[in-house]
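Please look at the strand order before reading on.

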Amino acid sequence: MAGLIPREFIDDLMQRTDIVDVIDSMVPLQKKGQEYMACCPFHDEKTPSFTVSPQKQFFYCFGCGESGSAIDFLMKYQNLGFIEAIEDLSSRAGLEIPHSATASEFTTSHGHANRLLEIVDKANLWFQEQLKVNPDRKTAISYLRSRGLTARIILEFGIGYAPDSWNGLFNELGKTPTNVESLVTAGLISHKQDVQGRDRHYDRFRGRIMFPIEDSRGRIVGFGARDLTDKGPKYLNSPETPLFHKGRELYGLHRARRAIGKQNRSIVVEGYMDVVSLVQFGIENAVAALGTATTPYHVQRLFRLAPDIVFCFDGDQAGRNAAWKALTTALPEMRDGRQASFLFLDEGEDPDTTVRSTGAEGFLRKVDSALPLTDFLFDSLMANIDLQRMDGRAKLASMAKPLLMNIPGTTLRSIMFDRLSTHCGITVKPDEPDQSSISQNPTAGTKQRHERNIDRQLPLVAQAISLLLQHPDLASNGPNFSALDELQADGLDVLVDLLDACCGDPDVTTARLLERFRDAPYHSYLEHLALRDHHVQDDVLIEHFGEIIRKLLARLRKQRHDELIEKSSQRPLEQHEKEELLSLQQERVHQ
C-alpha cells in the first residue's frame with residue numbers, strides 16, 4: 001500500500017513535519033540540551049529515557065528500544081497503519097495526496113476502501129435489525145439467553161443475526177451493480193453460475209449469530225459468525241478482504257485498549273463469546289484471536305499497549321499446543337521489562353464458563369497465578385526428557401538454546417540461560433552474534449565504550465552507513481565516492497544509495513533517509529545503526545568518515561589488483577590493463 005503514495009510526496013511531508021510538535025501534542029516533552037525528553041509512552045518508567053532529536057527528526061527510548069520517525073510514532077502510539085499515519089501527518093501539514101498517476105491509484109484505492117467500509121457497516125445494521133424483527137430470530141435469542149448475555153452487552157458489542165435464508169442480505173443491499181461488487185469484495189455474499197451460465201448470488205452468512213469485528217480505529221471490517229443450524233462449521237469468519245486480515249486483527253481490541261493501558265495487562269482468549277462474557281463481568285482488558293493462532297503482529301500490538309500479556313487456553317492437549325505456538329511467537333518480542341504468562345483452565349472449561357462459575361474476582365485470581373513464560377517453556381521441554389541421563393541434559397540444551405536465542409531482552413535471555421545451565425548441570429552460553437552482514441540481528445552484541453572497540457565490531461561498510469545516517473552532511477565531505485560502485489561488499493549498494501540521497505538533498509535528515517528504506521528487509525538494522533554511538537568528536541568526524549571511505553577504496557584497489565593478476569595467469573593482459581596493474585602496484589609500494 002505504501003508504494004501507491006508517491007515517494008516525492010512522502011519526502012515533502014517528512015520535510016514539512018516537525019517530530020517534536022507531533023510527539024509533544026500527545027506526550028509532553030521537556031527540552032534538555034539540543035534534544036527533548038519524556039517518560040516513554042511505550043513502557044513504564046519513572047526516570048525519562050525517551051529522547052526526541054529535532055536534528056535527526058527521530059525518537060529513541062534507551063529503556064525499551066522503541067525508535068523511529070514521526071510516522072513510526074503515530075503507528076506505534078496510536079496503533080495506526082502506514083496509510084493512516086500518512087493521512088494524519090498530511091492533515092497536520094495541510095497537504096493533500098497529489099493527483100499524479102501514482103497518487104490517482106492511491107485515491108481510487110482509498111475511495112474503494114471507503115465504499116467497502118460503508119457496505120460492511122450497512123450489513124452490520126441489517127444483522128442487528130434482524131435480531132429484533134426477523135420472525136426466525138427466536139433461535140438466536142434463545143441461544144444468547146442460554147449464554148447469559150444481557151440486552152446491554154448485546155447492544156454494546158453490536159451482536160446481530162443472519163437469518164437462515166438464501167439471499168436476505170443480498171436482496172436488502174445488492175440493488176445496484178456497485179453494491180453487489182462491494183458485497184462480494186467484502187466477503188458478505190458469494191456467487192456462482194447456474195447451469196445456464198447465469199450469475200447467482202447468495203449470502204455467505206446464514207443462520208448465524210453475528211459478531212462484528214472492529215479494526216484499531218473502531219471501524220467494522222469483518223464478522224465472526226456462530227452457527228445455529230448445524231449445517232456448517234461452528235464458527236465462520238469473513239474471508240481475507242482488502243479490509244479484513246484475520247492475522248492482524250484482534251476481536252475486542254478497540255474497546256479494550258484503554259483498560260489494557262490502565263491495568264498494564266492484556267488477556268488473550270480464544271473465542272468471541274469469551275471476550276463478551278468477560279466484559280459483561282467487568283473484565284474489560286480481554287481480546288481474542290480470530291480463529292487463528294496468535295501472530296507476531298498480535299503480540300507486537302498488545303505489547304505496545306501494556307508490558308504484560310496473559311494467554312488463556314483450555315487445559316487439554318489442543319490448548320497446550322496452541323499455547324506453545326503463542327510462546328514461540330512471543331519470544332522474539334520479549335524485551336526486558338515485558339512479561340508473558342499462560343493460564344490453563346480445567347478441561348471442558350473456557351473463560352466464559354469459568355467467569356460465570358467463579359465470578360470476576362475468581363477469574364482474576366486465576367489470571368494472577370498464571371504460569372510464567374519461563375516456567376511453561378522449561379516445563380514443556382523437560383516433560384519427556386530424563387535429566388538423570390547425560391544425553392537427556394544434552395538434548396534439553398540443544399532444544400532450548402535456539403529458543404532462548406530468540407529473546408531480545410539481554411537480561412531475560414541471560415537469566416534463562418542461567419536456568420538452562422542449572423537444569424543441564426553445565427554452563428550453557430548464548431551463541432556469539434554474527435557481525436559479518438548488514439542483515440544481522442540488530443539486537444545482537446553489547447555496546448562498548450571506546451571508539452576503537454566499537455568500530456572493530458562493525459564491518460567498514462556498516463560503519464560508513466551508521467555515520468552517514470547520523471550525519472547526512474558527511475556525503476559532501478569525503479573522497480571520490482563514485483568508485484565505490486565497483487567494490488563488492490555486503491551492504492555497499494545501501495551505502496551508495498544513501499550517498500546519492502544525501503548528495504541530492506542537502507536538507508535530508510536521519511528520519512527521511514530511513515523512510516526511504518521502510519520496506520527493506522534490513523530496515524530495523526538501519527535504525528540500529530542510526531542509533532549507534534561511535535564516540536567520535538565532532539571536530540574529527542569528517543576525518544574519521546573519510547578514513548573509512550579511503551579504507552574501502554583501498555580494498556577496491558586490492559580487489560582490482562588481484563583480479564588483474566588472476567587474468568594475467570590465464571591470458572596476456574591488454575595494454576591498458578598492464579598500465580592499470582602497474583599503477584596499482586606502484587600505489588601499494590608507496591602506501
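Which strands does helix H13 lie across? The model is predicted. Helix H13, residues 317-330, lies across strand E15 (308-314) and strand E16 (339-345). Its direction is about 155° to E15.

**The six-stranded sheet**

E15 and E16 belong to an open sheet of six strands, ordered E12-E14-E13-E15-E16-E17. Its pairing is mixed. Strand E12 (250-251) and strand E17 (371-372) stand at the edges; each has a single partner strand, so one side of each lacks a neighbour in the sheet.

Strand E13 (residues 266-269) pairs with strand E14 (residues 286-289) in the parallel sense, over three bridges. Val269 faces Ala288 in E14. Helix H11, residues 272-280, lies across E12, E13 and E14. The helix runs at about 175° to E14.

| Helix | Residues | Lies across | Angle |
|---|---|---|---|
| H11 | 272-280 | E12, E13 and E14 | about 175° to E14 |
| H13 | 317-330 | E15 and E16 | about 155° to E15 |

**The five-stranded sheet**

Another open sheet has five strands, in the order E1-E2-E3-E4-E5. Here the pairing is antiparallel. Strand E1 (30-32) and strand E5 (67-68) take the edges, each with a single partner strand, so one side of each is left without a neighbour in the sheet.

E1 and strand E2 (residues 35-38) run antiparallel and are joined by three bridges. Gln30 has Met37 in E2 as its bridge partner.

Terms used. Residues numbered from 1 in each chain as written. Predicted model: local features only at pLDDT ≥ 70, side-chain atom pairs only at ≥ 80, totals over all residues. Heavy atoms only, no water. Pairing = 2+ DSSP bridges. Helix = DSSP H or I, 4+ residues; strand = E, 2+ residues; numbered from the N terminus. Contact = heavy atoms within 4.5 Å. Axes fitted to C-alpha atoms, helices over the stretch in contact; angles between N-to-C directions.
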